[in-house]
Amino acid sequence: ILAFTTIWWQDPLYSYVNLTLAYNPYSVNLGSWACHIPGWITPNGCRMAEPLAIDFAYYFTLCTVPVFAACRAMQRIKAKYPNLRTSTMFIGFWALVAFLDLVFEVSCIALGIWHYGGVPDHMSIFAGTRFKFPLFEPVFVGLSFVGYASMYYFRNDKGETLAERGLDQVNTSSTGKQWLRFFALAGSANASIGLLFTVPII
């Protein structure tokens, strides 16, 4: 869970080029670290609000618990229906996440927690209103969750993800291996959201 939480630093990247997404500054925040991200373009990046409680809850809970639960559910489904294609289950998972993201985000926008004012109108629904919502958002959120789930679902008989395999052969202490495991998982999680969400939406 802690390894997955490291993707939090990518949250401001939505507005890397221009101010596309903005949080309500009434939320508890200390500004943002955005202006310290190499190549950052949007002016006054460190004055953007990054809501601490909301972001922590999202990245610590909503990006982890549903993924673990979904993987276990898919494993049970696969055991019951062995002829069911794994790709079919993941497509279903993607569709479910995309739908839930749509409902969740539109609700948050309606409550004034954040808005997508900088998204081009032709790529949005409810364009011209404060309820503007990018059509591509649920698609890429779903893809990023598929990436997370793939890491956890495709484990070997030792319970190791692809990123962790081979660590048992590294000559270091048990503490050292735990740290290597953490960095391997953190790197995989960041690569997943980077390739499947952050880079496409920038």
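## A walk through the predicted model

At 7% relative accessibility, Thr161 counts as buried, because a residue is called buried when its relative accessible area is under 20%. That makes a handy starting point for our tour of this predicted model. Thr161 sits in the loop that links helix H5 (137-153) with helix H6. What does Thr161 touch, once its neighbours within four places in sequence are left aside? The contacts are Met151, Arg155 and Leu185.

Now step back and take in the whole chain. The protein chain has 6 helices and 4 strands, and from the N terminus the order of its elements is α-β-α-α-α-β-β-β-α-α. Its C-alpha trace spans about 50 × 40 × 25 Å along the principal axes. Of the 202 residues in the protein chain, 42% count as buried. If you take the contacts between residues at least 6 apart in sequence, 62% of them join residues at least 24 apart. The accessible surface of the protein chain comes to about 11200 Å², and carbon and sulfur atoms account for 68% of that surface.

Next, let us turn to the aromatic rings. A pair of such rings is described by how far apart the centres are and by the angle between the planes. How many aromatic pairs does the structure hold? There are 22 aromatic pairs in the structure. One of them joins Tyr153 and Phe154, with 5.0 Å from centre to centre and 85° between the planes. This pair is edge-to-face, because its planes are over 60 degrees apart. Tyr153 counts as buried, at 12% relative accessibility, whereas Phe154 is partly exposed, with a relative accessible area of 42%.

For a stacked pair, look at Trp179 and Phe183, whose centres are 5.9 Å apart with 25° between the planes. Both residues lie in helix H6 (residues 174-201), and they are 4 residues apart, about one turn of the helix. Phe183 is exposed, with a relative accessible area of 52%, so its value falls on the exposed side of the 50% cut-off.

Rings can also gather in a group. Trp8, Trp33, Phe56, Tyr58, Tyr59 and Phe60 form one aromatic cluster. A ring may have a charged partner as well: Arg155, one of the contacts of Thr161, lies over the face of Tyr152, at 3.9 Å from the ring centre.

Our last stop is the backbone, at two residues in loops. Asn44 is found between strand S1 (22-23) and helix H2 (52-62). Its phi is near 55°, a positive value in a residue other than glycine. Is Asn44 buried or exposed? Asn44 is exposed, with a relative accessible area of 53%. Phe126, in the loop between strand S3 (124-125) and strand S4 (133-134), has a positive phi of about 60° although it is not a glycine. Phe126 has a relative accessible area of 46% and is partly exposed, because that value lies between the 20% and 50% cut-offs.

Notes
Residues are numbered from 1 along each chain as its sequence is written. This is a predicted model: local features need pLDDT of at least 70, side-chain atom pairs count only at pLDDT 80 or more; totals for chains, interfaces and linings use all residues. Side-chain values use heavy atoms; hydrogens and water are left out. Rings of Phe, Tyr and Trp (its six-membered ring) pair if their centres lie within 6.5 Å; planes under 30 degrees apart count as stacked, over 60 as edge-to-face and the rest as tilted. Buried means under 20% relative accessible area, exposed over 50%, partly exposed in between (1.4 Å probe, protein chains only). A charge sits over a ring if NZ of Lys or CZ of Arg is within 6 Å of the ring centre and within 35 degrees of the ring normal. Contact means heavy atoms within 4.5 Å. Accessible areas come from the Shrake-Rupley method with a 1.4 Å probe; for residues, only the protein chains shown count as cover.
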